[in-house]
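Here is a short briefing for a first look at this protein. Keep the sequence and the 3D view side by side while reading.

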Amino acid sequence: MAGTDRSRGADPGGEAGPAIVLIEPQLGDNIGATARAMLNCDLHDLRLVRPRDGWPNPAAVAMASGAVSVLERARVHETTLDAVLDLELVLATTARERDQAKTVLTPRAAALHLRQHVRNGGRAGILFGPERAGLVNDDIASADLVINVPLNPGFSSLNLSQAVLLIGYEWYQTSQSGIEPRHWGASPPATVAEQEFFFGRLETELEAAGFLFPTHLAPTIRRNLRGMFKRTALTAQEVRTLHGVLSALIKPRS
């Protein structure tokens, strides 16, 4: 289905959409198709984490079909964490249940949540995993919420660009939804960078205290700790308070 009216403006909501983060995308063609899906929905912030065939990729340009501007602005990152450090809200897409306590949203509910966050002045991103296997557990753990698309349980597999288009479409439809910003109070949500600095300090002290034991369970313990704090939607002030609590606990007693 073709058709572009270049005289029309962008998203009537007037807000910058969430970043689309592709983790280890395998085919340049899929990256190009994703860029096209993004521009269909007025999404422009594409972030690539370790693209398998390197970047830039001629196959992506050929497949983008008019959405080259999205590819030209794309940023490449070595880790998922690097790609989301500046964001306060991160959602992960997954087609299957995970052994993690996460709030799961449909694309429509996720779009409404994202729109409200953005209208508050926040920055958000959506994680999409490799075409073959999807996101790994550590990537899911780094997210605040999970998006799951309710489809035919006998065949629910989506192409990467299809998944981006489906969620992007729901985002675009919320542009005139009348969502009112929610007052954040004295402190805005903590960015991923602020949260990760605290998590790093906490894990260092727990390791020194022998808490991350046995060694083979340490990754699961770390994911569980992140999950607990992620569910509280920490503000920047709350993270500073947690730093103070941690400093008080590790301070030698006279």
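The points below go from the whole chain to single residues.

This is a predicted model. The protein has 254 residues, and 46% of them are buried. Its secondary structure comes to ten helices and seven strands.

**Overall build**

- Among contacts in the protein with a separation of 6 or more, 86% are between residues 24 or more positions apart.
- The protein exposes about 13,800 Å². Carbon and sulfur atoms supply 55% of that area.

**Nonpolar cores**

- In soluble globular proteins, nonpolar side chains tend to be buried together.
- The largest nonpolar core here has 32 residues. Ile 20, Leu 22, Leu 46 and Phe 128 have the most contacts inside it.
- Helix α7, residues 160-173, gives this core its largest share, five residues.
- A second, separate core has 15 residues, including Ala 19, Val 21, Leu 87 and Ala 143.
- What does Leu 22 contact, leaving aside neighbours within four places in sequence? Its partners are Ile 31, Thr 34, Leu 46, Arg 47, Leu 48, Val 49, Phe 128 and Leu 160.

**Nonpolar surface**

- Val 245, Leu 249 and Ile 250 make a nonpolar surface patch of about 270 Å².
- Leu 249 belongs to helix α10, which spans residues 236-250.
- Why does Leu 249 count as exposed? Its relative accessible area is 63%, and exposed means over 50%.

**Salt bridges**

- Side chains of opposite charge can pair when their charged atoms come close.
- The count of salt bridges comes to 13.
- Arg 47 and Asp 45 form one of them, at 2.9 Å from N to O. Arg 47 is buried, with a relative accessible area of 3%. Asp 45 is partly exposed, at 21%.
- Lys 230 and Asp 144 form another, with their closest N and O atoms 3.8 Å apart. Lys 230 sits in helix α9 and Asp 144 in the loop between α6 and β7, so the pair ties together parts 86 residues apart in sequence. Both Lys 230 and Asp 144 are buried.

**A closer look at Glu 203**

- Glu 203 is in helix α8, residues 192-208.
- Is Glu 203 buried or exposed? Glu 203 counts as buried because its relative accessibility is 13%, and the cut-off for buried is under 20%.
- Beyond residues up to four places away in sequence, Glu 203 touches Leu 212, Arg 222 and Arg 226.
- Glu 203 forms a salt bridge with Arg 226, the closest N and O atoms being 2.2 Å apart. The side chains of these two residues are also joined by a polar contact of 2.2 Å.
- Glu 203 lies in helix α8 and Arg 226 in helix α9, so this pair ties together parts that are 23 residues apart in sequence. Arg 226 is buried, as is Glu 203.
- The C-alpha atoms of Glu 203 and Leu 225 are separated by 9.1 Å. Along the chain, these two residues are 22 residues apart.

**Backbone exceptions**

- Most residues other than glycine have a negative phi, and most peptide bonds are trans.
- The peptide bond from Trp 55 to Pro 56 is cis, with omega near 5 degrees. Pro 56 is in the loop between β2 and α2.
- Phe 213 and Pro 214 are also joined by a cis peptide bond, with omega about 0 degrees. Pro 214 is in the loop between α8 and α9.
- Glu 24 is not a glycine, but its phi is positive, near 50 degrees. The residue lies in the loop between β1 and α1. Glu 24 counts as partly exposed, at 34% relative accessibility.
- Ser 65 also has a positive phi, about 50 degrees, and is not a glycine. Its place is in the loop between α2 and α3. Ser 65 is partly exposed, with a relative accessible area of 45%.

Methods. Residues are numbered from 1 along each chain as its sequence is written. This is a predicted model: local features need pLDDT of at least 70, side-chain atom pairs count only at pLDDT 80 or more; totals for chains, interfaces and linings use all residues. Side-chain values use heavy atoms; hydrogens and water are left out. Helices (H or I, at least four residues) and strands (E, at least two) are DSSP runs, numbered from the N terminus. Buried means under 20% relative accessible area, exposed over 50%, partly exposed in between (1.4 Å probe, protein chains only). Contact means heavy atoms within 4.5 Å. A polar contact is a pair of N or O atoms within 3.5 Å; within protein, one must be able to donate a hydrogen and the other to accept it, and residues adjacent in sequence count only if both atoms are side-chain atoms. Patches are made of residues with over 30% relative accessible area and no salt bridge: like charges are joined within 9 Å, nonpolar side chains (Val, Leu, Ile, Met, Phe, Trp, Tyr) within 5 Å. Accessible areas come from the Shrake-Rupley method with a 1.4 Å probe; for residues, only the protein chains shown count as cover. A salt bridge is a side-chain nitrogen of Lys or Arg within 4 Å of a carboxyl oxygen of Asp or Glu. A nonpolar core is a set of buried Ala, Val, Leu, Ile, Met, Phe, Trp, Tyr and Cys residues joined through side-chain atoms within 4.5 Å.
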